[in-house]
Amino acid sequence: MNRKMTDETILNRLCGNIAAGRFNWRRYLTPQTYFGHEICVQPLHCSYGQIGYTVYFPYSNMPEVEYDWELRKLTIDGTNWRNYLQNQ
């Protein structure tokens with residue numbers, strides 16, 4: 001049975017994979033399908049180079065996921081990803 005994943009399930013899976021180091025962000029520099037949803041990655045830069053990336057969902061109302069590997073901070077719309085998903 002192929003059932004559609006909810007937005008929360010997709011975000012949970014994505015954040016879990018990012019936190020575990022299993023998300024190949026370079027693959028998604030151009031829009032690609034991720035568990036049935038189109039996603040795209042945009043690198044985060046500061047004055048001295050790349051510090052992370054933002055995952056966004058084109059043509060969707062889903063929130064952006066941001067990973068700052070310098071600070072080891074993973075957020076959904078600026079909120080800690082675990083707190084965000086608990087409040088959904």
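Trainee: How do β4 and β5 pair, and over how many bridges?

Mentor: Start with the general idea. In a regular strand, side chains alternate between the two faces of the sheet. Now the case here, in a predicted model. Strand β4 covers residues 65–68 and strand β5 covers residues 73–76. Their pairing is antiparallel, over four bridges.

Trainee: Which residue of β5 does E66 stand opposite?

Mentor: T75.

Trainee: What should I look for in the hairpin of β4 and β5?

Mentor: Look at the residues between the strands, then at phi. Four residues lie between β4 and β5. R72 has a positive phi, near 55 degrees.

Trainee: How many bridges join β5 and β6?

Mentor: Two, again in the antiparallel sense. I76 has T79 in β6 as its bridge partner. This hairpin has two residues between its strands. In the turn, D77 takes a positive phi of about 50 degrees.

Trainee: What is the strand order in the sheet?

Mentor: The order is β1-β2-β3-β4-β5-β6. That makes an open sheet of six strands with antiparallel pairing.

Trainee: Why is one side of β1 and of β6 left without a neighbour in the sheet?

Mentor: Count partners. β1 (32–34) and β6 (79–80) each have a single partner strand, because they stand at the edges. So one side of each has no neighbour in the sheet.

Note on methods. Residues numbered from 1 in each chain as written. Predicted model: local features only at pLDDT ≥ 70, side-chain atom pairs only at ≥ 80, totals over all residues. Heavy atoms only, no water. Pairing = 2+ DSSP bridges.
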